Structure formats: structure tokens, C-alpha cells
Amino acid sequence: MRPFAKAPSYIHFKWMFNNKFVTVRHMQNASFLFRVRFLTLLVLAMLFCNGCGMFGLGGPGDVVEQLGYGDKSARVTLEPGETLRLVVRDPGDGGYVFSGTVFDPKVLDLIKVYDEDPETAMLGDFGARHFIFRALRGGETDVVIKIERPGQTPEEYQRQPVTVE
């Protein structure tokens with residue numbers, strides 16, 4: 001044995017085969033292990049920064065308006081390219097379902113609609129619905145969210161005035 005020989009690095013693999021654990025030793029060079037460790041630390045750092053809001057999906061122009069039933073909303077002012085997220089309580093406790101959204105498509109673009117699960121398991125909490133809009137060009141519009149009971153005509157649930165400058 002050479003006095004300063006480099007000890008081999010092994011990666012051990014274990015898996016179940018016919019109800020027995022089988023171990024395989026796979027020899028790798030040190031630079032490969034260094035790259036694996038470096039990439040692992042890099043991914044963990046990126047996940048940490050994402051959790052801190054550094055790489056948030058909404059971006060700096062994300063404006064959030066949270067509406068409850070019957071809330072009077074102040075006018076929201078946006079610049080072209082900014083996004084608006086309207087968070088509306090689900091009216092399912094009264095037997096209602098969402099039936100549509102009315103707005104000026106020249107001023108706003110509806111990017112995405114998704115439902116959020118209830119925060120609590122309390123009776124009557126049906127979660128919320130998120131409406132994400134992008135401001136296109138200057139103008140004014142009202143975002144009207146409609147609801148209805150099956151077999152009845154739709155009615156206005158929420159109205160959010162929006163100005164794009």
C-alpha cells in the first residue's frame with residue numbers, strides 16, 4: 001500500500017429485493033461527490049430563498065384585495081403589467097355557486113382562477129376563490145363576481161372597481 005494513497009469514495013445503494021436488503025457499493029471519484037454536494041446545497045439555498053419570498057410568484061406588482069360578502073371595496077389603481085389578485089370567500093354555505101366574472105377585457109386579462117381549501121374545519125367555511133388579473137392598458141372597469149343558486153338567475157356577489165393608469 002502506498003503511504004499517501006487516496007482512499008476510494010463509495011456510494012452505498014440499498015434496496016429491497018425478494019424481501020432482503022441488497023447493498024451495492026459504487027465507487028465514485030471525489031470530484032463527482034463534490035459536485036453532488038454543491039448542487040444539493042445550491043438547491044437547498046434556492047428553496048430557502050423561495051420560502052423567504054425572494055422569488056415570489058406574484059412579483060413586485062402583485063396587489064391583493066381580499067373581499068368578504070357585502071364588503072365595499074375602495075378603487076384599486078394599477079399600472080399596465082401589474083397583477084391583481086381578488087380573494088373571495090366561497091358562498092357555498094348558502095347553497096350558492098360561482099357563476100361568472102364580468103370585466104372589461106380591454107383593460108384587464110383574467111390569468112388564472114383557483115380555489116383555496118378552508119383554513120378551518122368549522123361549519124360554513126367553504127374556503128376561498130382566487131381571481132388573478134393582469135392590467136393591460138389604461139382605463140376603468142368594475143370586476144363583478146356573480147353567484148347563483150341552481151335554478152335561479154345569477155346575482156352580483158362582489159364588485160371591485162379597478163383603474164389602470
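How many bridges join strand 9 to strand 10, and do the two run parallel or antiparallel? Strand 9 (residues 139–148) and strand 10 are joined by 9 bridges and run antiparallel. Strands here are DSSP E runs of at least two residues, numbered from the N terminus. Two strands pair if DSSP finds at least two bridges between them.

This is a predicted model, in which local features need pLDDT of at least 70, side-chain atom pairs count only at pLDDT 80 or more, and totals for chains, interfaces and linings use all residues. Residues are numbered from 1 along each chain as its sequence is written, and side-chain values use heavy atoms, with hydrogens and water left out.

Confidence comes next. pLDDT is the predictor's confidence in each residue, from 0 to 100. The chain has a mean pLDDT of 75, and 62% of its residues reach 70 or more. Over residues 53–60, pLDDT stays under 50. For that stretch the model has 6 contacts beyond four places in sequence, where contact means heavy atoms within 4.5 Å.

Take the pairs in turn. Strand 4 (residues 76–78) pairs with strand 10 in the parallel sense, over 3 bridges. Here Leu78 stands opposite Val164 in strand 10. Strand 6 and strand 9 run antiparallel, joined by 5 bridges. Val97 stands opposite Glu148 in strand 9.

Strand 10 (residues 155–164) is mostly covered, with 7 of its 10 residues buried. Buried means under 20% relative accessible area (1.4 Å probe, protein chains only). Gln158 lies in strand 10 and counts as buried because its relative accessibility is 2%. Gln158 and Arg89 are 69 residues apart in sequence and 10.0 Å apart in space, C-alpha to C-alpha.

A nonpolar core is a set of buried Ala, Val, Leu, Ile, Met, Phe, Trp, Tyr and Cys residues joined through side-chain atoms within 4.5 Å. The largest one here has 18 residues, and Leu78 and Leu108 have the most contacts inside it. Strand 4, strand 5 (83–89), strand 8 (128–135), strand 9 and strand 10 each supply at least two of its residues. Beyond its neighbours within four places in sequence, Leu108 is in contact with residues including Leu78, Phe133, Val143, Val162 and Val164.

Finally, a polar side chain. His130 sits in strand 8 and counts as buried because its relative accessibility is 8%. Its side chain makes a polar contact with the side chain of Glu116 (2.6 Å). A polar contact is a pair of N or O atoms within 3.5 Å; within protein, one must be able to donate a hydrogen and the other to accept it, and residues adjacent in sequence count only if both atoms are side-chain atoms. Not counting residues up to four places away in sequence, His130 also touches others, among them Arg85, Val87 and Tyr114.

Notes. Buried means under 20% relative accessible area, exposed over 50%, partly exposed in between (1.4 Å probe, protein chains only). Helices (H or I, at least four residues) and strands (E, at least two) are DSSP runs, numbered from the N terminus.
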